[in-house]
Amino acid sequence: MSDESFDDDDHLLMELVRATQRPPAGSSTAWTNGTNQDTIVNPQSETEKRLFSADGEIAILRAQIQSLQSQKTEEITRLQNQLVAAKTSGEAQVHALKQSVQRLEDEKKFLGNEVRALSSSKRRKLDSLEEEQAKTKISVLDATSNAMESNEFQSHRAQSAFSIQIQDDWSQFCTHVWNSTILGSPRTNAGFLEKISIEEPISLNEKLLVPREAPLMPCIWAFILRHRDLRLDKLVHTFCDHLVGLIKELLVRDKSTLPVPFLISMINSAISFKSSAVSESLVLLLTKELATISKRFLHLLDWAFEAEDPLLGNHGKTYQEQVLDRFTITLLFDVIENAVMLATQYGSSFVKSLWNSDSMDVELVLKLLPENTERFKSAAQPNLLFNFVEMFSSSLIEDGIALSDERLEKQLVTSLIKVFLIDVEIKHDSMFFGLNRALGNNLDLVKILQMVPDDPMPLTGQPFVSVPCPTDEKGLSKVERFRMLEAHEHHILSLRLRIAIFLESLITAPSAKTMGILTCKESMKSIVRIIALEQNQIIHQPRSKHIHMRISIVGIFLKVLYFIAGEIENINTIIYPETLYELFVVLMRIAFGSDTLTQEATKILTSIRCSGYVHVPVFNKWCEGRARQVAHFNAYDASPEKLAELAAIESDFANGLEVPYEQDTIEIAREILSLCVNHDEADNLYFNMNYEGE
C-alpha cells in the first residue's frame, strides 16, 4: 500500500508506537523488578487496543471509500448512457420532424395544384354558363312567350342540378335517380314523369301522395326529401318498395298505366346505384312483386295473341297502349334480371333459395320457354330470352343450375338449344333496347317519345298528359330495313353466343342430371346440327361482319362435344347412326381445312400490307379490324417490321374462308375425329379432303 493512502492520524500512531518500544534510561533493577513492572506492561496493553481499534476504523473507512468510488463510477457510466440515449432520441425526433415538414410541404403543393385546378374549372364553368345565358337571352328575344317559359324552366333546372354537388350518399343517390334514363332515349325518366299526371289521387301510407292532375316527379322528389335521414340501404329499400306499390295502384286503373315504364326504370336506377345498398329483403321483394306484375302482360307472349285470335283480341286497347304494354314487359324483365344478378353477392345458398321459393315464378319460365316448337317460335323474344340466359348464367352453382326441379331444368336446356335451330323473328312494336343492353333495334322507342311529348299543350290543351298520345307508324326504306335486319342478326348471334357459353359452363361443372340432359341422343343430334348450320352460314356468307361470332359458336360447341367424348367411353353409343355421319362431315370440314389456300392467302396479305396498304380490306374487313383490336396493334406504325407483324396477326385470325377456324378448334376437331375413326380411315379422309388434281 502506498504512503498516499495514509492520513495525519496514521502518522501520529506510528510515532507513538516507536516511542513506546524504547526502554527508559537510568532505572534500577529494583524498579525494573519491583512495583514499576506493572506500569510498563499496562501502557503496552492500552496501545495495542488503540492500534486494533484504529485498524478496524481504517478498514471501515477504506470500505466506505471503495463503495463511494464504485458508486461514483456507476453514476458516471449511467450519466454517459443517458447522454448517448438523449442524443439518439433527439436525432430521431429531428429526423421525424424533417419528414413531417417535407410531407406538409408536399401536401401544400398538392392542395395548391388542386385549388388552381378547381379555380380554372370553376372559371370555365362560369364562362360556359355566361355563354349559355347569353344564348338564352338572344333566343328569348326571338321566341314566343311559351318558349320563354320553357327556357326559364330549363335554365332553372340546369342551375339547380349544378348546385347540388354535395358528396354524400343521399345527394349522390338523388343525382343518380334524377339523371337516370332508358337506353337510347334523349330524355330522362324525370323528364317524362314531369309531363305525366293521373286523373285520380293516390296515397300510399300517407308517405307518397300523388294529387289529381299533378305531375308525378315532384311528388316522388318530395318523398325522397322526407327520407333524407335514412341510411342508404334503408333509403333504397323504402324508395323501391313505395314505387312498386305505386305501380300496382296505377295498373289497377286501366287508364293510368302511362308512367309505369318510367317508374320501373327508376327502380332499376335505384338498385344499380350501389350494389352494397341492395339487401336480401329487397331482392326478394323485387323478384316476387315484379314477377307478379308481369303476369298482367303474359298474354303478349301467347301464340294466339300473335295470330290475332278474335277470342283474345286486343281487349279494347288502342295501338299506343299495346306498344306501351310491350315496352313495360321488356323493362320489367330487365329489372328482374338485375335483381337476380345482385342476389349472387349473398352466396349460392341464397340464390338457390331464391329460385326454389315463391319469389321466382316458374310459370314465367314455362311461358317464355315453351316446349312446343310453334309456341316457342311465336313467344320467343330476343330481349326476354337474353334476360333469362343472364339470370341462369349468374345462378350457376357447384351442382349446376340453382333449380331443384329436374323437369324444368331439362325444359330449359332443350328450349335454349332451340334458339340455334329456330329463327327468332323480329317482334314488331317490341323493338327496344331496354335497360341492360344496347343490342338489336330501338326503332319503336320513337313511339314512346310521341306518347309523352315535350310540350303536350298543342295536342291536349293541358300542360300534362294522363293517357298515351297517338303515335304514327312510319314505314322503312330499303336501307333502313337492311340495317334493321343486320342489327337483329347481331342481336340473335350475341344471344346464341351467350347461350353457348352458358352451356359450356354447365357441362364443365355438371351435375348428374345435367350430364344426362346434354348426352341424350336428341341433344347430341341438335348440337351436331347447330355446328352444321353455322358452317353453312359461314360458307354462304364468308365476308359477313358477323362471321367471327359464328366461328366462336362452332368452337364452343366443339369444346362441349370434346368434354362429352372424354366422359363417355364410346361416343358412338349416344349418337344416332345418321347423326354420326353428319358429325364426320362437320368435323372433317374443320380438321382437314385446306392448308394451301391459307398459305397463299397469307402470302397475298403480307405482300399487300408490306406495300403500305394498311387500311385496305383484303379478305374480311371486320375480321381484320377485330384482329388488330385483339392484338392491340397500332396500325399507324409504318415501319416494315410492324407491317409484317400486322400481316401475321391478321393471318392468324380466323375469317371462315382463307383461315377457316382457330388452331385450337382444329386440334379439338381432330381429337374428336380420332375417337370415331381408326388411323387408316383418318389418312383416307385427309387425302380425300385435301386432294388436288394435277
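Helices are DSSP runs of H or I with at least four residues, strands are runs of E with at least two, and both are numbered from the N terminus. The model is predicted, so local features need pLDDT of at least 70 and side-chain atom pairs count only at pLDDT 80 or more, while totals for chains, interfaces and linings use all residues. Residues are numbered from 1 along each chain as its sequence is written, and side-chain values use heavy atoms, with hydrogens and water left out.

**Cavities**

- A cavity is a set of points, on a 1 Å grid over the protein atoms alone, where a 1.4 Å probe fits but cannot get out; its lining residues have an atom within 4 Å of a point.
- Grid points are joined across faces, edges and corners, and a volume is the space filled by probe spheres set on the points.
- Five cavities of 30 Å³ or more are counted by this rule.
- The largest cavity holds about 150 Å³ of space, and 14 residues line it, with Pro382, Ser430, Met431, His488 and His491 nearest its centre.
- At least two residues of this lining come from each of helix H16 (382-394) and helix H20 (478-508).
- The lining of the largest cavity comprises five nonpolar, seven polar and two charged residues, where Ala, Val, Leu, Ile, Met, Phe, Trp, Tyr, Cys and Pro count as nonpolar, Asp, Glu, Lys and Arg as charged, and the others, Gly among them, as polar.
- The second largest cavity has about 90 Å³; 13 residues line it, and Leu605, Phe619, Glu650, Ser651 and Asn655 are the closest to its centre.
- Helix H25 (595-610), H26 and H27 each give two or more residues to the lining of the second largest cavity.

**Nonpolar core**

- A nonpolar core is a set of buried Ala, Val, Leu, Ile, Met, Phe, Trp, Tyr and Cys residues joined through side-chain atoms within 4.5 Å.
- The largest such core has 170 residues, among which Phe239, Leu246 and Leu558 touch the most other members.
- Helix H12 (residues 319-343) makes the greatest contribution to this core, with 13 residues.

**Positive phi angles**

- Most residues other than glycine have a negative phi.
- Asp429, not a glycine, has a positive phi of about 65° and is found in the loop between helix H17 (406-421) and helix H18 (445-451).
- His632 counts as exposed (over 50%) because its relative accessibility is 74%.

Definitions and conventions:
Buried < 20%, exposed > 50% of the residue type's maximum accessible area, 1.4 Å probe, protein only. 1 Å grid on protein atoms, 1.4 Å probe; cavity = no way out; pocket = protein on both sides within 12 Å on 5 of 7 lines; lining within 4 Å.
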